[in-house]
Amino acid sequence: MSYTLRGRIESRLGAAVPALALAVALQRWWAIELVALMLALGLVLDLCVYHRLLPYQPGWAALPLGALELGLTWSAMRAAGIGAPLGWALALYGVAWASGQLCAHAVFPRLRLEYAEAGGELGRAGVVTAAAVAVTLVGGLGAAYAVRPPTVHLHGVVQGPIVVTRSERLTGGVVRGGIVVHASHVRIDHVTVVGGEYGIDVEHADHVMLDHVRVVRVSLDGIRALDAGVMVHDCSISAPSGPFVTGVLISYSMGRPMSMVSGCTIAGTREGIATHSSMVNVMGNHVVDTTVRGILLGEMSMDMASGNTVEGARGIGIVCMDHSTCEIEHNTVAAARVDGDEDPTRHGVAIEAFFYAEAKVAHNTVVASPGGVRAFDNSLITR
Amino acid sequence: MCPAERCAIVGSGLAALAAFATLRHGGVQAEEIVVFGTQADPTEPFRARARAIRQRRMRSESDGHLAAPAWPGLALRDGRPGALLQTIASRYHPPVDLFLRHAEEVRRRSGWDRSFVERRVERVAAAGDGFEVDGDGLFRHVLVATGHPGHALPEQLAGDPRVVHAYEPHEYASRVAIVGAGMAAATEWLNALAAGAEVVSIRRREPVRRPLNVPRPLFSKRGLAAFHASSPERRAALLRELSTPSYPPGREWDEPLVHAEAEGRFRVEAAPNGAEQIVCATGFVQGYRNDPLLARLQAEHGLAARDRWIVLAPDSTVPELTDDRRTLALAGVAAQWAFPAADTVAGAKYAARAFLRHVCRTR
């Protein structure tokens with residue numbers, strides 16, 4: 001199809017109606033923001049790139065252009081700090097892309113006979129639709145801006161503990177004594193927490209995002225989520241002040257949205273990342289020198305651990321235990337150390353299933369870990 | 001829905017059927033449309049030509065059908081998953097049989113037969129708020145789609161008993177000269193080779209390889225805007241250039257020729273020499289002057305013309321005879337001044353849609 005510039009813009013805005021309707025139905029600001037972002041990027045590409053480079057756009061071009069726009073949208077979403085869950089963000093993009101194809105190839109040509117020869121222009125209906133989409137988006141974004149959670153900027157060192165009881169963003173600074181979150185839709189980023197029992201303690205809340213937080217010298221857990229849905233990205237937990245510290249602990253959160261721990265670096269704790277009765281995606285983390293286990297997926301959890309690196313764990317690198325169901329793939333476990341002579345389950349086992357657990361294991365790299373990959377006590381490892 | 005008003009379509013080929021189906025889709029009742037033509041079956045002229053050159057695939061793509069909306073296209077009707085994949089890559093060319101079956105369905109569903117009147121129209125003349133068609137009544141809106149005026153044959157071959165036009169029924173002798181370098185000629189090369197003949201291609205220039213009759217941008221507003229904005233001289237020059245023979249690129253065309261060339265069964269020469277049979281794949285005579293109806297229309301109303309084309313507005317209407325009350329439009333090859341690919345299905349639908357806009361607006 002040879003689009004005119006106006007045709008590209010009208011077609012894009014017209015085809016955005018289903019995605020926009022879904023975003024409105026979701027009743028989440030991030031959804032509106034994401035659709036606005038997709039459209040803004042698309043319009044910039046239409047104006048600056050596509051119109052010039054594609055005088056004729058064959059049908060197959062929808063695939064590479066769709067992949068390009070997905071990548072750009074994802075990057076822009078991260079850069080803009082839009083807290084959309086990955087699954088929903090992909091679903092929303094998928095709906096937008098699919099409806100774009102459906103509209104361009106079936107709906108618009110059906111509704112407007114001249115659609116193709118008019119270069120994608122939709123006529124009066126197109127102007128009205130484009131205006132309606134623009135008004136909805138501007139209105140939605142305006143409303144989102146007006147009711148957005150307040151941002152609290154921390155400067156210098158603040159004496160805690162800080163208790164968060166409303167939806168807000170907490171950013172920057174150093175907090176002594178920990179942060180307690182008792183509200184949903186909270187975002188904490190670029191904060192350093194020093195001391196306290198728990199670095200950041202999230203209880204009975206969901207849609208909590210912890211991004212680029214650093215926790216040092218805590219005595220129990222670096223980050224604890226209890227009955228909560230959290231997204232933890234790019235955290236750093238180190239220098240524990242006692243022998244019982246877990247880096248990230250997510251427990252009893254099965255009734256909450258799935259949690260994610262990704263890109264974190266955890267060093268010297270008792271356990272690096274531990275889950276109990278939760279659904280957690282543990283991916284791309286670096287866990288070093290733990291004294292009991294590197295990563296624990298336990299107590300009837302349904303977890304995935306992928307792309308993690310566990311180094312120098314005493315006893316066990318990654319364990320799936322206690323009736324849990326786990327997928328453990330593409331991890332690297334190196335130098336798991338033997339912990340005493342008595343207990344074979346702690347003989348430097350790189351990946352372990354223990355006590356009625358089921359672990360699906362694939363594409364992992366195990367280096368210098370004498371216990372290898374093993375199942376104990378009525379557990380099952382499948383490859 | 002359009003309020004009722006009498007319309008006439010002069011001509012009864014594919015362009016006429018496209019126009020009729022479009023009017024019906026736009027809400028014009030079949031009883032309000034009169035189709036004047038010489039054959040009740042609008043597919044017959046095309047069917048005969050396709051049969052003569054043994055054409056199996058259309059040059060057009062999935063949306064090259066005669067129903068008013070482009071969707072669903074023929075690839076979807078084809079039913080093969082491969083057809084849909086091919087259409088994504090702009091490589092789907094529907095089978096001629098499928099195209100004709102669908103055209104038959106369009107004819108039946110649109111009520112064509114109720115509107116058809118068998119008559120060769122000699123004269124269309126402006127009268128009052130409309131037009132008289134051979135003195136028959138007053139039609140506010142008339143679309144002339146009379147098609148190609150006749151087969152073209154090179155003068156130097158006139159009277160040669162070996163000559164047959166590609167679009168006339170024929171078999172192949174053992175040594176065949178094929179004159180021309182367009183789609184029909186290329187099809188005939190392959191046909192004659194498949195029949196075991198030795199083929200000599202007679203052509204003045206190397207054929208242009210183009211997927212469709214004209215470059216793709218010229219099928220839509222983006223390319224047409226520049227075309228419509230160009231000067232009459234430039235436009236006529238471009239149309240002449242676009243009318244040079246072409247056929248699509250692709251292995252299915254090239255490989256049989258390469259093999260035959262290697263076997264000494266295919267070559268290019270300047271003259272037929274000792275060929276037993278000469279197939280003239282030289283298309284049609286060109287220009288409105290060869291169409292008695294159009295020539296008379298132009299002369300009687302003093303319509304502007306340039307080279308071999310009647311000058312049309314971008315929407316295929318005749319500017320001197322179209323206003324808020326009435327419409328005279330051309331479709332098919334005679335409408336190239338408005339749409340360079342007017343002699344294709346896409347061109348027929350371009351004119352038809354524009355005609356519908358006038359019909360509905362001026363009612």
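## Strand β7 of chain A

Which residues of strand β7 (residues 186-189) of chain A lie on its covered face, and which on its uncovered one? In this predicted model, Val186(A) and Ile188(A) form the covered face. Arg187(A) and Asp189(A) form the uncovered one.

β7(A) pairs with two strands. Strand β4 (residues 169-171) of chain A is joined to β7(A) by 3 bridges, and the two run parallel. Strand β9 (residues 198-211) of chain A is joined to β7(A) by 4 bridges, again in parallel. Leu170(A) stands opposite Ile188(A).

## Helix α2 of chain A

Helix α2 spans residues 17-26 of chain A. Its buried residues include Ala19(A), Leu20(A) and Ala23(A).

Just after α2(A) comes Gln27(A), with a positive phi of about 55°.

## Where chains A and B touch

How many residues does each chain bring to the contact? Chain A gives 18 residues and chain B gives 19 residues. On the side of chain A that touches chain B, 10 residues are nonpolar. Another 5 are polar, and 3 are charged.

Note on methods. Residues are numbered from 1 along each chain as its sequence is written. Chains are lettered from A and ligands numbered from 1 in the order in which they are written. This is a predicted model: local features need pLDDT of at least 70, side-chain atom pairs count only at pLDDT 80 or more; totals for chains, interfaces and linings use all residues. A residue is buried if 20 or more other C-beta atoms lie within 10 Å of its own, exposed if 12 or fewer, and partly exposed in between; C-beta atoms are placed from the backbone. Two strands pair if DSSP finds at least two bridges between them. Two residues are in contact if their C-beta atoms, placed from the backbone, lie within 7 Å. Ala, Val, Leu, Ile, Met, Phe, Trp, Tyr, Cys and Pro count as nonpolar, Asp, Glu, Lys and Arg as charged, and the others, Gly among them, as polar.
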